[in-house]
Amino acid sequence: EQSEALGDLSIALIVSITSIYIILAWLFASYTTPLVIMAVVPFGLIGAIVGHYLLDFNLNMFSLMALLGLSGVLVNDSIILVTTIKRFVADGLDLAKAVVEGVRERLRPVILTTTTTVVGLTPILFEKSLQAQLVQPLAITFIFGMLLAPYLVLIFVPSVLGVGDSLKNKLSLLMLQTGYRKTNI
(Lines give C-alpha, C1' and ligand atoms only; values in the text may rest on other atoms or scores of the structure.)
Protein backbone atom coordinates (compact mmCIF):
# COMPACT_ATOMS: atom_id res chain seq x y z
CA GLU A 1 0.00 0.00 0.00
CA GLN A 2 2.86 2.34 0.81
CA SER A 3 4.55 1.78 -2.55
CA GLU A 4 1.23 2.45 -4.29
CA ALA A 5 0.81 5.63 -2.26
CA LEU A 6 4.36 6.71 -3.14
CA GLY A 7 3.57 6.15 -6.82
CA ASP A 8 0.46 8.30 -6.53
CA LEU A 9 2.42 10.94 -4.62
CA SER A 10 5.10 11.09 -7.31
CA ILE A 11 2.44 11.63 -9.96
CA ALA A 12 0.87 14.36 -7.81
CA LEU A 13 4.30 15.96 -7.39
CA ILE A 14 4.94 16.03 -11.14
CA VAL A 15 1.48 17.44 -11.84
CA SER A 16 1.80 20.09 -9.12
CA ILE A 17 5.29 21.21 -10.20
CA THR A 18 4.22 21.40 -13.84
CA SER A 19 1.06 23.30 -12.92
CA ILE A 20 2.97 25.74 -10.73
CA TYR A 21 5.50 26.35 -13.52
CA ILE A 22 2.81 26.95 -16.15
CA ILE A 23 0.88 29.33 -13.92
CA LEU A 24 4.01 31.27 -12.96
CA ALA A 25 5.23 31.43 -16.57
CA TRP A 26 1.86 32.86 -17.57
CA LEU A 27 1.77 35.25 -14.60
CA PHE A 28 5.27 36.65 -15.12
CA ALA A 29 5.34 36.27 -18.94
CA SER A 30 8.75 34.65 -18.51
CA TYR A 31 10.21 31.19 -18.78
CA THR A 32 13.05 31.82 -16.31
CA THR A 33 11.31 33.64 -13.43
CA PRO A 34 9.31 30.52 -12.43
CA LEU A 35 12.58 28.59 -12.23
CA VAL A 36 13.99 31.22 -9.86
CA ILE A 37 10.89 31.02 -7.68
CA MET A 38 10.76 27.22 -7.68
CA ALA A 39 14.49 26.87 -6.91
CA VAL A 40 13.67 27.21 -3.19
CA VAL A 41 11.72 23.93 -3.08
CA PRO A 42 14.71 21.51 -3.02
CA PHE A 43 16.31 23.52 -0.22
CA GLY A 44 13.14 23.26 1.84
CA LEU A 45 13.51 19.50 1.41
CA ILE A 46 17.03 19.75 2.83
CA GLY A 47 15.64 21.43 5.96
CA ALA A 48 13.07 18.67 6.37
CA ILE A 49 15.67 15.92 5.97
CA VAL A 50 18.00 17.58 8.48
CA GLY A 51 15.10 17.89 10.94
CA HIS A 52 14.21 14.22 10.61
CA TYR A 53 17.85 13.27 11.08
CA LEU A 54 18.34 15.48 14.16
CA LEU A 55 15.18 14.22 15.84
CA ASP A 56 15.80 10.62 14.75
CA PHE A 57 12.58 10.21 12.76
CA ASN A 58 12.13 8.35 9.50
CA LEU A 59 10.63 10.07 6.49
CA ASN A 60 7.12 8.73 5.92
CA MET A 61 3.99 9.60 3.96
CA PHE A 62 3.07 12.41 6.37
CA SER A 63 6.54 13.89 5.85
CA LEU A 64 6.17 13.80 2.08
CA MET A 65 2.67 15.27 2.14
CA ALA A 66 3.90 18.03 4.45
CA LEU A 67 6.67 18.70 1.95
CA LEU A 68 4.04 19.57 -0.66
CA GLY A 69 2.50 22.06 1.78
CA LEU A 70 5.91 23.46 2.69
CA SER A 71 6.68 23.90 -1.00
CA GLY A 72 3.51 25.94 -1.36
CA VAL A 73 4.51 28.27 1.47
CA LEU A 74 8.03 28.73 0.09
CA VAL A 75 6.79 29.33 -3.46
CA ASN A 76 4.15 31.78 -2.22
CA ASP A 77 6.71 33.81 -0.24
CA SER A 78 9.05 33.78 -3.24
CA ILE A 79 6.30 34.89 -5.65
CA ILE A 80 5.47 37.88 -3.49
CA LEU A 81 9.14 38.85 -3.14
CA VAL A 82 9.85 38.54 -6.88
CA THR A 83 6.69 40.51 -7.69
CA THR A 84 7.78 43.23 -5.27
CA ILE A 85 11.28 43.37 -6.77
CA LYS A 86 9.89 43.49 -10.32
CA ARG A 87 7.58 46.33 -9.27
CA PHE A 88 10.55 48.32 -7.97
CA VAL A 89 12.48 47.64 -11.20
CA ALA A 90 9.47 48.81 -13.23
CA ASP A 91 9.43 51.99 -11.11
CA GLY A 92 12.97 52.74 -12.32
CA LEU A 93 15.29 51.26 -9.69
CA ASP A 94 18.21 49.16 -10.81
CA LEU A 95 18.08 45.49 -9.76
CA ALA A 96 20.41 45.83 -6.77
CA LYS A 97 18.39 48.66 -5.21
CA ALA A 98 15.13 46.93 -6.10
CA VAL A 99 16.31 43.78 -4.31
CA VAL A 100 17.24 45.75 -1.19
CA GLU A 101 13.88 47.54 -1.15
CA GLY A 102 11.95 44.35 -1.93
CA VAL A 103 13.67 42.40 0.83
CA ARG A 104 13.16 45.28 3.26
CA GLU A 105 9.46 45.36 2.42
CA ARG A 106 8.98 41.58 2.68
CA LEU A 107 11.20 40.94 5.75
CA ARG A 108 8.47 41.30 8.37
CA PRO A 109 5.83 39.14 6.60
CA VAL A 110 8.35 36.34 5.97
CA ILE A 111 9.59 36.42 9.57
CA LEU A 112 6.01 36.46 10.91
CA THR A 113 4.96 33.55 8.69
CA THR A 114 7.99 31.54 9.79
CA THR A 115 7.61 32.37 13.47
CA THR A 116 3.89 31.62 13.69
CA THR A 117 4.28 28.32 11.82
CA VAL A 118 7.22 27.13 13.92
CA VAL A 119 5.72 28.24 17.25
CA GLY A 120 2.31 26.80 16.36
CA LEU A 121 3.67 23.36 15.42
CA THR A 122 6.38 22.99 18.08
CA PRO A 123 4.03 21.63 20.81
CA ILE A 124 3.30 18.63 18.58
CA LEU A 125 6.97 17.63 18.80
CA PHE A 126 6.79 17.30 22.59
CA GLU A 127 3.46 15.51 22.78
CA LYS A 128 3.71 11.85 23.81
CA SER A 129 0.26 10.62 22.76
CA LEU A 130 -0.09 8.04 20.01
CA GLN A 131 -2.12 10.44 17.85
CA ALA A 132 0.59 13.11 18.05
CA GLN A 133 3.31 10.59 17.22
CA LEU A 134 1.50 9.89 13.98
CA VAL A 135 1.71 13.52 12.81
CA GLN A 136 5.09 14.43 14.31
CA PRO A 137 6.91 13.80 10.99
CA LEU A 138 4.53 16.31 9.39
CA ALA A 139 5.40 18.88 12.06
CA ILE A 140 9.12 18.20 11.69
CA THR A 141 8.94 18.76 7.94
CA PHE A 142 7.15 22.07 8.35
CA ILE A 143 9.21 23.33 11.30
CA PHE A 144 12.66 22.62 9.90
CA GLY A 145 11.67 23.59 6.37
CA MET A 146 10.22 26.87 7.63
CA LEU A 147 13.34 27.58 9.68
CA LEU A 148 15.17 27.83 6.35
CA ALA A 149 12.44 29.92 4.71
CA PRO A 150 13.73 33.39 5.64
CA TYR A 151 17.18 32.57 4.29
CA LEU A 152 15.83 30.96 1.15
CA VAL A 153 13.31 33.66 0.34
CA LEU A 154 15.25 36.74 1.46
CA ILE A 155 18.79 35.75 0.46
CA PHE A 156 18.74 32.83 -2.00
CA VAL A 157 15.98 34.09 -4.32
CA PRO A 158 17.49 37.60 -4.71
CA SER A 159 20.90 35.99 -5.29
CA VAL A 160 19.51 33.81 -8.06
CA LEU A 161 17.80 36.86 -9.57
CA GLY A 162 21.16 38.69 -9.53
CA VAL A 163 22.99 35.77 -11.13
CA GLY A 164 20.29 35.49 -13.80
CA ASP A 165 20.46 39.21 -14.53
CA SER A 166 24.26 39.04 -14.77
CA LEU A 167 24.06 36.11 -17.20
CA LYS A 168 21.45 37.95 -19.26
CA ASN A 169 23.66 41.05 -19.44
CA LYS A 170 26.72 39.00 -20.45
CA LEU A 171 24.72 37.20 -23.13
CA SER A 172 23.43 40.52 -24.48
CA LEU A 173 26.97 41.90 -24.58
CA LEU A 174 28.24 38.78 -26.33
CA MET A 175 25.45 39.03 -28.89
CA LEU A 176 26.33 42.68 -29.54
CA GLN A 177 30.03 41.87 -29.92
CA THR A 178 29.37 39.07 -32.40
CA GLY A 179 26.95 41.16 -34.42
CA TYR A 180 23.96 38.91 -33.77
CA ARG A 181 20.68 40.63 -34.60
CA LYS A 182 17.14 39.45 -34.15
CA THR A 183 15.23 39.29 -37.37
CA ASN A 184 11.49 39.35 -37.63
CA ILE A 185 10.19 36.86 -40.13
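Contact here means heavy atoms within 4.5 Å. With that cut-off I looked up the chain: residues 24 or more positions apart account for 71% of its contacts with a separation of 6 or more.

**Conventions.** I am working on a predicted model, in which local features need pLDDT of at least 70, side-chain atom pairs count only at pLDDT 80 or more, and totals for chains, interfaces and linings use all residues. I number residues from 1 along each chain as its sequence is written, and side-chain values use heavy atoms, with hydrogens and water left out.

**Whole chain.** I took helices (H or I, at least four residues) and strands (E, at least two) as DSSP runs, numbered from the N terminus. On that basis the chain has 6 helices and 0 strands. Read from the N terminus, the order of elements is α-α-α-α-α-α. Along the principal axes, the C-alpha atoms fill a box of roughly 70 × 40 × 25 Å.

I then looked up surface. Using the Shrake-Rupley method with a 1.4 Å probe, where for residues only the protein chains shown count as cover, the chain exposes about 11,700 Å². Carbon and sulfur atoms supply 68% of that area. For single residues, buried is under 20% relative accessible area, exposed is over 50%, and partly exposed is in between (1.4 Å probe, protein chains only). Of the 185 residues in the chain, 33% are buried.

**Helix 3 and helix 4.** I recorded this pair by two values, since two packed helices are described by the angle between their axes and the distance between the axes. Axes are lines fitted to C-alpha atoms, for helices over the stretch in contact, and angles run from 0 to 180 degrees between N-to-C directions. The axes of helix 3 (residues 40-54) and helix 4 come within 9 Å and cross at roughly 135°. I class angles under 35 degrees as roughly parallel, over 145 as roughly antiparallel, 65 to 115 as roughly perpendicular and the rest as oblique. Helix 3 and helix 4 are therefore oblique to each other.

Their crossing is right-handed; a crossing is right-handed if the near helix is turned clockwise from the far one by less than a right angle, and left-handed if anticlockwise. Helix 3 contributes Val40, Val41, Gly44, Leu45 and His52 to the contact, and among the residues of helix 4 are Leu67, Leu70, Leu74 and Val75. I sorted residues by class: Ala, Val, Leu, Ile, Met, Phe, Trp, Tyr, Cys and Pro are nonpolar, Asp, Glu, Lys and Arg are charged, and the others, Gly among them, are polar. The contact of helix 3 with helix 4 has 7 nonpolar, 5 polar and no charged residues.

**Helix 4 and helix 6.** Helix 4 packs on helix 6 (residues 130-178) at an angle of about 25°, with the axes 8 Å apart. The two helices are therefore roughly parallel to each other. Helix 4 passes helix 6 in a right-handed crossing. I find 21 nonpolar, 5 polar and 1 charged residues in this contact.

**Single residues.** Thr84 lies in helix 4. I count Thr84 as buried because its relative accessibility is 4%. Leaving aside neighbours within four places in sequence, Thr84 is in contact with Gly102, Glu105 and Arg106.

I next looked up Asp94, in the loop between helix 4 (61-90) and helix 5 (95-126). At 43% relative accessibility, Asp94 is partly exposed. Its C-alpha atom is separated by 11 Å from that of Gly162, 68 residues apart along the chain.

Val135 is in helix 6. With 29% relative accessibility, Val135 is partly exposed. The C-alpha atoms of Val135 and Met61 are separated by 9.9 Å, and the two residues are 74 residues apart along the chain.
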